[in-house]
Amino acid sequence: MASKRDPESDIDADGGQSGGVQSVERALTVLEILAREGHAGVSEIAEEMGIHKSTVSRLIGSLVSREMVHQNTERGKYQLGFGILRLASSIPGRLSLVHEARPVLESLAEEFKETVNLAVLRSNYAVNVDQAMGPSTLATYDWVGSLTPLHATSSGKVLLAALDAGERDRILKEAGLGERTSRTITSRKELDAQLLEVAAKGYAVVREEFEIGLNAVAVPVYNHQGEVLGALSISGPAFRFDPEQTPGLLEKLKEAGLKVSANMGYTHR
(Lines give C-alpha, C1' and ligand atoms only; values in the text may rest on other atoms or scores of the structure.)
Protein backbone atom coordinates (compact mmCIF):
# COMPACT_ATOMS: atom_id res chain seq x y z
CA MET A 1 0.00 0.00 0.00
CA ALA A 2 1.31 3.45 -0.88
CA SER A 3 1.74 6.09 1.85
CA LYS A 4 -1.13 8.54 2.08
CA ARG A 5 -0.67 11.97 0.56
CA ASP A 6 -2.22 15.23 1.70
CA PRO A 7 -5.04 16.17 -0.71
CA GLU A 8 -3.59 19.70 -0.78
CA SER A 9 -0.51 18.32 -2.58
CA ASP A 10 -2.61 18.15 -5.74
CA ILE A 11 -2.58 21.94 -5.88
CA ASP A 12 0.43 23.56 -7.52
CA ALA A 13 2.26 26.68 -6.40
CA ASP A 14 0.13 28.94 -8.60
CA GLY A 15 -3.04 27.61 -7.03
CA GLY A 16 -3.92 25.63 -10.16
CA GLN A 17 -4.74 21.96 -10.38
CA SER A 18 -1.53 20.10 -11.23
CA GLY A 19 -3.14 16.71 -10.79
CA GLY A 20 -5.42 16.61 -13.82
CA VAL A 21 -3.74 13.56 -15.30
CA GLN A 22 -3.26 12.13 -11.84
CA SER A 23 -6.98 12.50 -11.14
CA VAL A 24 -7.77 10.56 -14.31
CA GLU A 25 -5.35 7.82 -13.30
CA ARG A 26 -6.86 7.68 -9.83
CA ALA A 27 -10.40 7.50 -11.21
CA LEU A 28 -9.35 4.62 -13.45
CA THR A 29 -7.79 2.89 -10.46
CA VAL A 30 -11.08 3.22 -8.57
CA LEU A 31 -12.88 1.57 -11.50
CA GLU A 32 -10.29 -1.21 -11.62
CA ILE A 33 -10.71 -1.89 -7.90
CA LEU A 34 -14.49 -2.07 -8.22
CA ALA A 35 -14.19 -4.32 -11.29
CA ARG A 36 -11.92 -6.68 -9.37
CA GLU A 37 -13.73 -6.66 -6.02
CA GLY A 38 -17.32 -6.30 -7.21
CA HIS A 39 -18.02 -3.62 -4.62
CA ALA A 40 -16.07 -1.59 -2.07
CA GLY A 41 -16.46 1.28 0.36
CA VAL A 42 -14.63 4.60 0.39
CA SER A 43 -12.38 3.51 3.27
CA GLU A 44 -11.39 0.28 1.52
CA ILE A 45 -10.56 2.06 -1.71
CA ALA A 46 -8.61 4.79 0.07
CA GLU A 47 -6.66 2.19 2.02
CA GLU A 48 -5.68 0.27 -1.12
CA MET A 49 -4.77 3.40 -3.08
CA GLY A 50 -2.92 5.03 -0.19
CA ILE A 51 -4.79 8.33 -0.45
CA HIS A 52 -7.21 10.21 1.79
CA LYS A 53 -10.87 9.25 1.98
CA SER A 54 -11.85 12.78 1.01
CA THR A 55 -9.98 12.40 -2.28
CA VAL A 56 -11.68 9.07 -2.97
CA SER A 57 -15.06 10.60 -2.15
CA ARG A 58 -14.51 13.35 -4.72
CA LEU A 59 -13.44 10.84 -7.35
CA ILE A 60 -16.44 8.62 -6.69
CA GLY A 61 -18.76 11.64 -6.74
CA SER A 62 -17.62 12.46 -10.28
CA LEU A 63 -17.96 8.83 -11.37
CA VAL A 64 -21.45 8.56 -9.84
CA SER A 65 -22.58 11.72 -11.65
CA ARG A 66 -21.67 10.04 -14.95
CA GLU A 67 -23.22 6.71 -13.94
CA MET A 68 -19.84 4.98 -14.06
CA VAL A 69 -20.29 4.03 -10.43
CA HIS A 70 -23.43 3.22 -8.43
CA GLN A 71 -24.03 3.09 -4.69
CA ASN A 72 -25.97 0.08 -3.46
CA THR A 73 -27.83 2.02 -0.78
CA GLU A 74 -27.64 5.53 0.60
CA ARG A 75 -24.80 4.55 2.95
CA GLY A 76 -23.73 1.35 1.17
CA LYS A 77 -20.72 0.31 -0.84
CA TYR A 78 -20.07 1.25 -4.44
CA GLN A 79 -20.06 -0.88 -7.57
CA LEU A 80 -19.69 -0.31 -11.31
CA GLY A 81 -22.69 1.43 -12.86
CA PHE A 82 -24.63 1.26 -16.11
CA GLY A 83 -22.43 3.93 -17.65
CA ILE A 84 -19.61 1.38 -17.87
CA LEU A 85 -21.96 -1.07 -19.57
CA ARG A 86 -22.94 1.53 -22.17
CA LEU A 87 -19.30 2.17 -22.99
CA ALA A 88 -18.37 -1.49 -23.07
CA SER A 89 -21.30 -2.52 -25.24
CA SER A 90 -20.20 -0.10 -27.95
CA ILE A 91 -16.79 -1.73 -28.35
CA PRO A 92 -17.28 -5.37 -29.46
CA GLY A 93 -19.29 -4.50 -32.55
CA ARG A 94 -16.44 -2.36 -33.79
CA LEU A 95 -13.80 -5.00 -33.33
CA SER A 96 -13.05 -7.29 -36.24
CA LEU A 97 -11.77 -10.68 -35.20
CA VAL A 98 -9.82 -11.12 -38.43
CA HIS A 99 -8.32 -7.65 -38.20
CA GLU A 100 -7.30 -8.05 -34.57
CA ALA A 101 -5.90 -11.56 -35.06
CA ARG A 102 -3.98 -11.01 -38.30
CA PRO A 103 -0.65 -9.84 -36.81
CA VAL A 104 -0.73 -12.73 -34.34
CA LEU A 105 -1.32 -15.28 -37.13
CA GLU A 106 1.56 -13.90 -39.15
CA SER A 107 3.89 -13.93 -36.14
CA LEU A 108 3.08 -17.57 -35.33
CA ALA A 109 3.47 -18.66 -38.96
CA GLU A 110 6.85 -16.96 -39.14
CA GLU A 111 8.11 -18.41 -35.86
CA PHE A 112 6.98 -22.02 -36.34
CA LYS A 113 7.18 -22.10 -40.16
CA GLU A 114 3.76 -23.76 -40.50
CA THR A 115 0.21 -22.83 -41.47
CA VAL A 116 -1.84 -20.88 -38.93
CA ASN A 117 -5.63 -20.66 -39.21
CA LEU A 118 -8.39 -18.76 -37.45
CA ALA A 119 -11.79 -20.47 -37.35
CA VAL A 120 -15.28 -19.78 -35.99
CA LEU A 121 -18.42 -21.87 -35.57
CA ARG A 122 -20.93 -21.62 -38.42
CA SER A 123 -23.83 -23.93 -39.31
CA ASN A 124 -22.51 -27.03 -37.54
CA TYR A 125 -19.02 -26.59 -39.00
CA ALA A 126 -15.77 -24.82 -38.26
CA VAL A 127 -15.22 -22.20 -40.95
CA ASN A 128 -11.74 -20.79 -41.48
CA VAL A 129 -11.89 -17.01 -41.66
CA ASP A 130 -8.18 -16.24 -42.01
CA GLN A 131 -4.88 -17.98 -42.67
CA ALA A 132 -1.16 -17.24 -42.56
CA MET A 133 1.33 -19.46 -44.36
CA GLY A 134 4.71 -20.27 -42.87
CA PRO A 135 7.84 -20.28 -45.02
CA SER A 136 8.22 -24.07 -44.66
CA THR A 137 4.65 -24.84 -45.70
CA LEU A 138 4.64 -27.59 -48.31
CA ALA A 139 1.18 -26.98 -49.72
CA THR A 140 -0.40 -23.69 -50.72
CA TYR A 141 -4.04 -24.66 -50.16
CA ASP A 142 -6.14 -21.70 -49.05
CA TRP A 143 -8.44 -22.83 -46.25
CA VAL A 144 -10.18 -19.46 -45.89
CA GLY A 145 -13.93 -19.96 -46.30
CA SER A 146 -13.66 -23.74 -46.03
CA LEU A 147 -16.12 -25.60 -43.83
CA THR A 148 -14.44 -28.37 -41.84
CA PRO A 149 -16.04 -31.00 -39.57
CA LEU A 150 -16.03 -30.13 -35.90
CA HIS A 151 -15.30 -33.63 -34.64
CA ALA A 152 -12.23 -34.21 -36.85
CA THR A 153 -10.32 -30.93 -36.57
CA SER A 154 -8.45 -29.25 -33.73
CA SER A 155 -10.35 -25.99 -34.19
CA GLY A 156 -13.63 -27.87 -34.31
CA LYS A 157 -12.90 -29.71 -31.08
CA VAL A 158 -12.05 -26.45 -29.31
CA LEU A 159 -15.36 -24.98 -30.49
CA LEU A 160 -17.31 -28.11 -29.51
CA ALA A 161 -15.71 -28.25 -26.06
CA ALA A 162 -16.96 -24.73 -25.35
CA LEU A 163 -20.62 -25.50 -26.08
CA ASP A 164 -23.18 -26.48 -23.49
CA ALA A 165 -24.20 -30.13 -23.57
CA GLY A 166 -27.55 -29.50 -25.26
CA GLU A 167 -26.15 -27.43 -28.12
CA ARG A 168 -23.27 -29.84 -28.65
CA ASP A 169 -25.67 -32.78 -28.79
CA ARG A 170 -27.86 -31.02 -31.35
CA ILE A 171 -24.94 -30.15 -33.61
CA LEU A 172 -23.36 -33.60 -33.50
CA LYS A 173 -26.68 -35.30 -34.23
CA GLU A 174 -27.28 -33.04 -37.21
CA ALA A 175 -23.73 -33.14 -38.56
CA GLY A 176 -22.90 -36.72 -37.68
CA LEU A 177 -19.49 -38.22 -36.98
CA GLY A 178 -18.35 -39.01 -40.49
CA GLU A 179 -15.10 -40.92 -40.98
CA ARG A 180 -12.61 -38.68 -42.76
CA THR A 181 -9.65 -41.04 -42.27
CA SER A 182 -9.00 -44.30 -40.44
CA ARG A 183 -7.98 -42.18 -37.43
CA THR A 184 -11.16 -40.09 -37.21
CA ILE A 185 -13.04 -40.51 -33.95
CA THR A 186 -16.53 -41.73 -34.83
CA SER A 187 -17.59 -42.88 -31.36
CA ARG A 188 -19.66 -40.31 -29.50
CA LYS A 189 -18.52 -41.68 -26.14
CA GLU A 190 -14.86 -41.39 -27.12
CA LEU A 191 -15.38 -37.91 -28.54
CA ASP A 192 -17.15 -36.67 -25.40
CA ALA A 193 -14.27 -37.96 -23.26
CA GLN A 194 -11.79 -36.18 -25.49
CA LEU A 195 -13.74 -32.91 -25.34
CA LEU A 196 -13.61 -33.00 -21.54
CA GLU A 197 -9.84 -33.30 -21.84
CA VAL A 198 -9.73 -30.42 -24.32
CA ALA A 199 -11.65 -28.20 -21.90
CA ALA A 200 -9.32 -29.15 -19.06
CA LYS A 201 -6.07 -28.68 -20.99
CA GLY A 202 -7.10 -25.59 -22.94
CA TYR A 203 -6.10 -26.98 -26.32
CA ALA A 204 -7.02 -29.71 -28.83
CA VAL A 205 -4.67 -31.87 -30.89
CA VAL A 206 -5.58 -34.00 -33.92
CA ARG A 207 -3.23 -36.41 -35.63
CA GLU A 208 -4.32 -37.29 -39.16
CA GLU A 209 -8.01 -37.33 -38.18
CA PHE A 210 -9.08 -34.88 -40.88
CA GLU A 211 -6.48 -35.69 -43.50
CA ILE A 212 -3.77 -38.35 -43.64
CA GLY A 213 -0.38 -36.74 -43.20
CA LEU A 214 -1.74 -33.64 -41.42
CA ASN A 215 -1.47 -32.84 -37.70
CA ALA A 216 -2.87 -29.77 -35.96
CA VAL A 217 -3.36 -28.10 -32.60
CA ALA A 218 -5.80 -25.34 -31.63
CA VAL A 219 -6.59 -23.07 -28.68
CA PRO A 220 -9.68 -20.97 -27.95
CA VAL A 221 -10.13 -17.27 -28.60
CA TYR A 222 -12.51 -15.48 -26.20
CA ASN A 223 -14.76 -12.45 -26.58
CA HIS A 224 -15.32 -9.64 -24.07
CA GLN A 225 -17.79 -11.79 -22.12
CA GLY A 226 -15.37 -14.68 -21.72
CA GLU A 227 -17.19 -16.83 -24.28
CA VAL A 228 -15.30 -18.80 -26.92
CA LEU A 229 -15.44 -16.72 -30.07
CA GLY A 230 -13.19 -18.80 -32.29
CA ALA A 231 -10.15 -21.06 -32.44
CA LEU A 232 -6.54 -20.39 -33.38
CA SER A 233 -4.69 -23.36 -34.86
CA ILE A 234 -1.33 -24.42 -36.25
CA SER A 235 -1.09 -27.35 -38.67
CA GLY A 236 1.72 -29.10 -40.47
CA PRO A 237 2.87 -32.35 -42.10
CA ALA A 238 2.73 -35.30 -39.72
CA PHE A 239 6.26 -36.41 -40.61
CA ARG A 240 7.75 -33.27 -39.05
CA PHE A 241 5.02 -31.62 -36.99
CA ASP A 242 4.03 -33.03 -33.60
CA PRO A 243 2.33 -30.25 -31.61
CA GLU A 244 3.05 -31.73 -28.20
CA GLN A 245 6.70 -32.41 -29.01
CA THR A 246 7.57 -29.07 -30.63
CA PRO A 247 9.47 -27.01 -28.01
CA GLY A 248 7.55 -23.97 -26.85
CA LEU A 249 4.70 -24.38 -29.33
CA LEU A 250 1.84 -25.00 -26.91
CA GLU A 251 2.92 -22.15 -24.65
CA LYS A 252 3.30 -19.72 -27.55
CA LEU A 253 -0.01 -20.78 -29.09
CA LYS A 254 -1.86 -20.30 -25.80
CA GLU A 255 -0.25 -16.88 -25.38
CA ALA A 256 -1.30 -15.99 -28.92
CA GLY A 257 -4.87 -17.08 -28.23
CA LEU A 258 -4.99 -14.88 -25.14
CA LYS A 259 -3.47 -11.98 -27.05
CA VAL A 260 -6.18 -12.11 -29.72
CA SER A 261 -8.76 -12.53 -26.95
CA ALA A 262 -7.45 -9.43 -25.19
CA ASN A 263 -7.72 -7.53 -28.47
CA MET A 264 -11.36 -8.57 -28.54
CA GLY A 265 -11.96 -7.20 -25.04
CA TYR A 266 -11.37 -10.33 -22.99
CA THR A 267 -9.91 -9.83 -19.52
CA HIS A 268 -8.09 -12.92 -18.29
CA ARG A 269 -8.66 -13.51 -14.58
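## Nonpolar core

The largest nonpolar core has 26 residues, and Leu108, Val217, Leu232 and Ile234 touch the most other members. Such a core is a set of buried Ala, Val, Leu, Ile, Met, Phe, Trp, Tyr and Cys residues joined through side-chain atoms within 4.5 Å. Buried means under 20% relative accessible area, with a 1.4 Å probe and protein chains only. At least two residues each come from α5 (97–112), β3 (115–122), β4 (125–132), β7 (214–222), β8 (228–237) and α9 (249–263). α5 gives the most, with 7 residues. Helices (H or I, at least four residues) and strands (E, at least two) are DSSP runs, numbered from the N terminus.

## Basis of the model

This is a predicted model: local features need pLDDT of at least 70, side-chain atom pairs count only at pLDDT 80 or more, and totals for chains, interfaces and linings use all residues. Residues are numbered from 1 along each chain as its sequence is written, and side-chain values use heavy atoms, leaving out hydrogens and water.

Beyond its neighbours within four places in sequence, Val217 is in contact (heavy atoms within 4.5 Å) with residues including Tyr203, Leu232, Ile234, Phe241 and Leu253.

Ser155 sits in helix α6 (residues 154–161). Ser155 counts as buried because its relative accessibility is 5%. Leaving aside neighbours within four places in sequence, Ser155 contacts Ala119, Ala218, Ala231 and Ser233.

## Helices α1 and α2

The axes of α1 (residues 20–37) and α2 (residues 42–49) come within 11 Å and cross at roughly 115°. Axes are lines fitted to C-alpha atoms, for helices over the stretch in contact; angles run from 0 to 180 degrees between N-to-C directions. On the α1 side, the contact is made by Arg26, Thr29, Val30, Ile33, Leu34 and Arg36. α2 brings Ile45, Glu48 and Met49.

Note on methods
Buried < 20%, exposed > 50% of the residue type's maximum accessible area, 1.4 Å probe, protein only.
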